[in-house]
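The structure is shown first.

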Amino acid sequence: MGLNMNDYLAIIKETFPELNIQDFSVLGKGNLAATCLVNKNIVFKITGTSEKALKDTEHEIYLLKLINHNLSFNIPKILYDGKINNGGWVFGESLLPGITYSKELHNSFDKDTQIDILRQIGKIMRELHSVKINDDKKMLFVGDYKQNIAMFNEYFSDEVKQCFSQSDIERINAVRERYEYLSIHYPVELVLVHADMHFGNFMFDTEHKKITGLIDFGAAHFSEPARDMHYYYGEDIKNILEGYDETQDTYLPERQKFHSVTNFLENIGGYIQENLFPVKEIQILLSIL
């Protein structure tokens, strides 16, 4: 998006002429959208015109209107409904309290605080997975295990396999085979998943060391609970599962391992495309097999 601050301001004014803008700043610009802060309490998103940007934003607006806001954590509330302008979506949502969490911030805390925060994240996952919504318009897609396996196979390409020994390839494939077996013989109920629950999509209260909210619902859909845990591994996922607490799925850790491995395979492929060798990612992946 080759636009500047004045361009974004003009788009918002044109889309919502009733809005009295007294303060304006650009929070960030990405490939899919730009994020602006208006009057210090409204976050406006201006998307690009790609199919993914339009689809994700339409889903996010739709879903945020459906979710009951009676949650223990904050989620954005649509304040200025989405409209198309210049071929992309423009909409405004409430600014959530706190600051954006991050891996760097997480690593700055002592071990006990890190464990507590990860358990908070697990609790938020569990609460989101318990949300019931009626998707009458059928706008939220359903991700079944066959799609997850197809995604795994796509990321475990011939180029990626060249990074591993034959025994490692067999171990990685064994994770996929086990996941497929569990999915067929021990299926789980599909729930509402966020699908992008990395640290950067959580809001955080630095004073009380508390996760306060969750943002960016553009990738949300119906899938198995483990789909929300793919960014975490090792001791982190153990602590998240402790926060997640009760589950009827005995095999949740194994399903989670599959999703985490799939995530690392995707990252490794991304590095290879940039002509970089992902030593750290390969080491972590092998450590969680």
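Contact here means heavy atoms within 4.5 Å. In this predicted model, Ile 121 touches Phe 199, Phe 202, Ile 211, Tyr 232 and Ile 240, leaving aside residues up to four places away in sequence.

**Nonpolar cores**

Ile 121 is one of the residues with the most contacts inside the largest nonpolar core, which has 41 residues. Ile 67, Tyr 101, Leu 192, Phe 202, Phe 217 and Tyr 232 are also listed there. At least two residues of this core come from each of α2 (51-66), β5 (88-94), α4 (111-129), β8 (202-205), β9 (210-214) and α8 (234-244). The most is given by α4, with six residues. Another core lies apart from this one and has 20 residues, including Ile 149, Ile 169, Tyr 179 and Val 261.

**Helix α8**

Which residues of α8 are buried? They are Asp 236, Ile 237, Asn 239, Ile 240, Gly 243 and Tyr 244. Viewed down the axis of α8, the buried residues fall within an arc of 160°, so they line one face of the helix. An α-helix has 3.6 residues a turn, so residues three or four places apart point the same way. The cover over the buried residues of α8 includes α3 (103-107), α4 and α9 (252-273). After α8 comes Asp 245, which has a positive phi, near 70°.

**Strand pairings**

| Strands | Bridges | Example pair |
|---|---|---|
| β1 (24-29) and β2 (33-38) | five | Val 26 and Cys 36 |
| β2 and β3 (42-47) | six | Ala 34 and Ile 46 |
| β4 (78-85) and β5 | five | Lys 83 and Val 90 |

The strands β1 and β2 form a hairpin with three residues between them. In the hairpin of β2 and β3, three residues also separate the strands, and Asn 39 takes a positive phi near 55°. The hairpin of β4 and β5 has two residues between its strands.

**Loop residues**

Asn 86 is located in the loop between β4 and β5. Its phi is near 60°, a positive value in a residue other than glycine. Is Asn 86 buried or exposed? With a relative accessible area of 58%, Asn 86 is exposed, because the cut-off for exposed is over 50%.

The loop between β8 and β9 holds Lys 209, whose phi is positive and near 55°, again in a residue other than glycine. Relative accessibility of Lys 209 is 31%, so this residue counts as partly exposed. Glu 207 is placed in the loop between β8 and β9 as well. At 64% relative accessibility, Glu 207 counts as exposed. Between the C-alpha atoms of Glu 207 and Asp 116 the separation is 14 Å, with the two residues 91 apart along the chain.

The two strands β8 and β9 each supply at least two residues to the core of 41, and the loop between them carries both Lys 209 and Glu 207. Strand β5 likewise supplies at least two residues to that core, while β5 is joined to β4 by five bridges.

Technical notes:
Residues are numbered from 1 along each chain as its sequence is written. This is a predicted model: local features need pLDDT of at least 70, side-chain atom pairs count only at pLDDT 80 or more; totals for chains, interfaces and linings use all residues. Side-chain values use heavy atoms; hydrogens and water are left out. A nonpolar core is a set of buried Ala, Val, Leu, Ile, Met, Phe, Trp, Tyr and Cys residues joined through side-chain atoms within 4.5 Å. Buried means under 20% relative accessible area, exposed over 50%, partly exposed in between (1.4 Å probe, protein chains only). Helices (H or I, at least four residues) and strands (E, at least two) are DSSP runs, numbered from the N terminus. Two strands pair if DSSP finds at least two bridges between them. The arc is that of the directions from the helix axis to the C-beta atoms.
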